[in-house]
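Biologist: I'm new to this one. Can you show me the structure and walk me through it?

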Amino acid sequence: MSALSALPFLKPVHLRSPRSSPGGQRRHTLPASEFRCLSPEDAASVFEIEREAFISVSGDCPLHLDEIRHFLNLCPELSLGWFEEGRLVAFIIGSLWDQERLSQAALTLHKPQGSAVHIHVLAVHRTVRQQGKGSILMWRYLQHLRCLPFARRALLMCEAFLVPFYQKCGFEALGPCEVTVKDLAFVEMQHPVRGHAFMRRNSGC
């Protein structure tokens, strides 16, 4: 069994029973809802959602297509996709970082010896927004990180108007982030991951 498939929070969630044909034979159907780590083959679908979500707001994407492929090759276990009937509807991509705070280099680097998970992007498909999927996916992602022995905390940077959303997800603001993108300024936020031994003992991690 692979390390990824062994993680309990990434097991498929089946919300719909397989349908039967008129002759009584069951036909195979895709699971109604599934959470799993992403692979490089998912990169195009990821970029399509990300581009639509960010271009109209900030004029650029947190990750370009080649960067998405880069991180999904290096650290797929730090990504999480939400699929409905086989279609990607929301995702998170992260990488490891080895400093206390984020710097410009954190936008493109994966530090395998790091213990902080830098969340580069969370995006939801336009057809399913305003349904709470972003906060649900973040909750699932944080549970996933608690099953990774090297993860101690999650870091992200966001524009000021998104701070309340991430605070509701349990993140705390650290102050202004030193990273800038064009003329955009960001707030840096963190969420502890370590210190959840009880959850590890009772989740199968």
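Modeller: One term to begin with: buried means under 20% relative accessible area, exposed over 50%, and partly exposed in between, with a 1.4 Å probe and protein chains only. This is a predicted model, where local features need pLDDT of at least 70, side-chain atom pairs count only at pLDDT 80 or more, and totals for chains, interfaces and linings use all residues. Residues are numbered from 1 along each chain as its sequence is written, and side-chain values use heavy atoms, with hydrogens and water left out.

Biologist: Ok. Is Cys177 buried or exposed?

Modeller: Cys177 has a relative accessible area of 9%, so it is buried. Cys37 counts as buried too, at 10% relative accessibility.

Biologist: How many disulfides are there?

Modeller: The structure holds 0. A disulfide here is a pair of cysteine sulfur atoms within 2.5 Å.

Biologist: How many of its residues are buried?

Modeller: In α3, 11 of the 14 are, so the helix is largely enclosed by the rest of the structure. Among them are Leu137, Tyr141 and His144.

Biologist: And where is His70?

Modeller: His70 sits in helix α2, residues 65–74. At 35% relative accessibility, His70 is partly exposed. His70 and Pro40 are 30 residues apart in sequence, and their C-alpha atoms are 8.1 Å apart in space.

Methods. Helices (H or I, at least four residues) and strands (E, at least two) are DSSP runs, numbered from the N terminus.
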